[in-house]
Structure formats: structure tokens, C-alpha cells
Amino acid sequence: MSAFERVTRRSLLRGGAVVLGSAMAAPLLSACGSGGNGGSSKELTFWNFYGPNPQADAQSKWFTDLVAAWNANNEVKVKLHYLPVSEYLAGTALQTAFSAGQGPDIFLLSPGDFLRYYNGGVLTDLTPHLKPDQIADFDGGVLDTRKVDGKVYGLPMEREPLAMYYSIDAFEQAKLSEGDLPKTWDQLLDVAAKLTTKDRFGLLFETIPGYYQNFTWYPFMWMAGGSAVPENGGPGFNAPGIHNALKLWQDAITTKVAPRKPQGDGAGNAPANLGSGFVAMQQSGIWSVSQMEQGKKDFPYGVFPLPVPDGGTYTTDIGGWAFVGNAKGANPEAAAKFIAWALAATDADGVERGRQWNTVVKTNLPARKSVQEAAKAAGAFDKPALKVFLDQVVPGGRGEPRYTPEVYKAVSDAIQAAQLGGVAPAQAAADAAGKIDAFLKGYKGAAML
């Protein structure tokens, strides 16, 4: 993806990615069919990375059951199209489909990539299909990064906050207790050093470049008082707080308390890293509770909030995937109706669907108040790890930011340069800030949040 090309009306796709960033006038993408599969207005294609997958797991079944329930009662049918996580998240299949005018009718989208598609004019306004009480049921702020000018363009399935996971056995072997859980950045590196052995790293941050790495680094940027783009008259990316956040991740590598490469598919995979004994502490999201239950059921671990820099304010990043509709698809209105039914219905079936997804087949915090109450009533947050998330991690949380691909890439390059490339944090930040500032001078798309 070309990160810093100045966008014009004729800018479409560069390197398989939708180059947006301007939204100056007419939509940037041509009319789309139904997922490139010869679909019609009577069949909508839904691209996702959950189901039906080859493992036929509980998450896959939730998706297939959802679509089956809709199809049984509606003339316009929905057809699932499964893509592996690696292809959906790190590949270009979705972007390439839209570039060819063959984007799916419904797809999953994170806040981190929202502006690519909104500024490209391909997101359906869901607001006409949502009742005021349905919008109000979404917890405070959870819709903000999916809204533009008060209109809703995506409905979140979940809220996924980040925290630190730790091995209880590793702590005991290092003669550390719960009272030694790090609360500051200096303590984090100090404890990581004590946990590091010839066979185990003390700490793990994500080192694989991509939207997920950015997502996991943003809380450190915020806690140090920084931002990727200027906020409230602030300095933007080249600021002391940014330098400090980059230095923390760099120091973890240079002091060799953290590896240059995670195991499994990345640092969001707790069983492959923490559960294997490869690391003693790792940053991951609430989803790792269910991962550990399924993959390392008997492994003793705990969870604690992200440590804070001296003088900083605790903040974590809260992500989560949303259903969105293709405004240029075969039947945008039907797609919007399906999304509203699937994720915003306030009847008993709608609430139960949300409870099942967030606390039975997966571990998340529900995006909706009614679902969260139903989950609490069912005892979903009685598990120690989830109780920590609910009581200690989420307070002070902030929604995953939405930046354009150009800003995202500049930040990603800075993280990589400092963390793995040995570039001085101040220089990495200055290089990225120059690119971001140059891009922002010509940017006319939706607000970055």
C-alpha cells in the first residue's frame, strides 16, 4: 500500500488497497456486485473470518445459525463467504474486491480501517433502519467511531479491551507475588527482567507490523499524552509523549526482555506465547480468556491493567469488529436491515444472540447495555480474569481510533523503526510526523477520532 500519496478524485486503489483519505466529491469506487459471485438483489454475500470455517467451531456455528435464522424468514437471503483470519486481516482480498467493483454486500470492519471505506463512499447508512431505543442501547461512546455527522455506518458486535496477562508459575519461580504486578512502565521493564530466563522472555509486545500492532501501541501513546494527529491544538505525532512510548517498546527489545518475533500467529495469541512458556507476561485482549480456556485450560494465569508512565493517565484501547453494508452492493437496503436485525434487535432473541456471542462462544464485553445486563445475570463475569477486565481494565478505556490508511502507515513505520530497526524514537516520530502533517494539509475526509 502506498502510504503517503496525495489523494485526488481519480485516486482509486494503489497496491491492492483502497486509497481514500480525501472524500472530496464523488464516491471513489465503482458499482459493486454481490461479492463477485454473480449474486443478485435476492442474495447478499457476507464476507467474514469466522464461518463457516473448516474447524466448525462455536464461533462458526454462531454465524451459520445467525444467517439460517434470517434466511428462514426473509425473501432476500444472506450467504456467508469465509476467509481465513490471515487473509482477511493481513491480506488484500477485501480491498482488491472493492477495487474491482466486486465488494461483498456485508462485511466485517474495525474502527482502524473505517475511514478507508467511508471516505471511499462504500458504507451504507444504517440509521434509517435503527430505532432510537436501539441506538440508545449501545453503551456510551461505542458507536462514535462508526458515526459520521450523527449517522451510523457500522454496528459493533463486541468491545475488546487490552490488558496484560501473566503466568502465575513464572512469577512464583522468580519469587514474585501479586503485589509485584507492575503499575508503571519502569516497573514493567524491571519485573520483565526478573522474569526473563534462558528459556523464557519476561514480556511480549506485538512486533508484526499491521493494524493490530498499531492498535496495541495506541494506549501507550495516549497514556504518555500523545496522539497520531493533533488533538485540541496539541503538537501531533512529534512530541515527548510519543518519543517515550516508542522508547518503552524499543527498550523491551534492546534489553532482551522481549522477543523480536512472537510465536503462533502473533502477540494476540496467548496460548502460543504465554501458555507455552515462551513469555511470562504479554499484552493481549479480552479474547485471550476464551483462547486460554480452549487451548490451555489448566494453565494458571492472571490479568492486570496496562502500566502507566510517570505522570500519565491510565488508558486502554477498546476494539471490536462491526457489521457494515456496501452502499454500492446488490441491495444496500436489505443489507442494512439484516445488520440492524442481527446486532440491534432488542427482543429476547436479539439479546440472547448478543449474549451468546460475547460470553459463551467468545469472551468480550458486550457493546449493548441490555446484552451486558443479561450476561451479568447469567454469571458471565464471575470468572476472575473477566472480573478484572470489567472492574479494572475497562474504566478509563478509549475506543480504537479511526485514522486514514496514510496516518496508520506512518505510525506503523515509526513503531517498526524504533522497536526493531534501532532508530532513535525522536527520529522515528519526526519522520512519521512529517508525512502525517503533509497528508493532513490536503485531507478533506471524515474526522479522525
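**Aromatic rings**

Phe 63 is buried, and Trp 357 is buried too; buried means under 20% relative accessible area, with a 1.4 Å probe and protein chains only. This is a predicted model, in which local features need pLDDT of at least 70, side-chain atom pairs count only at pLDDT 80 or more, and totals for chains, interfaces and linings use all residues. Residues are numbered from 1 along each chain as its sequence is written, and side-chain values use heavy atoms, with hydrogens and water left out.

The structure holds 38 aromatic pairs. Rings of Phe, Tyr and Trp (its six-membered ring) pair if their centres lie within 6.5 Å; planes under 30 degrees apart count as stacked, over 60 as edge-to-face and the rest as tilted.

Take Phe 46 and Phe 63: their ring centres are 5.9 Å apart and their planes at 50 degrees, so this pair is tilted. Phe 46 and Phe 63 are both buried.

How are the rings of Phe 63 and Trp 357 arranged? Their centres are 5.5 Å apart and their planes at 75 degrees, so the pair is edge-to-face.

Ring pairs join these residues into a cluster that includes Phe 46, Phe 63, Trp 341 and Trp 357.

One charge also comes in here. The charged end of Arg 353 sits over the ring of Trp 341, 4.1 Å from the ring centre; that term requires NZ of Lys or CZ of Arg within 6 Å of the ring centre and within 35 degrees of the ring normal.

Technical notes: Buried < 20%, exposed > 50% of the residue type's maximum accessible area, 1.4 Å probe, protein only.
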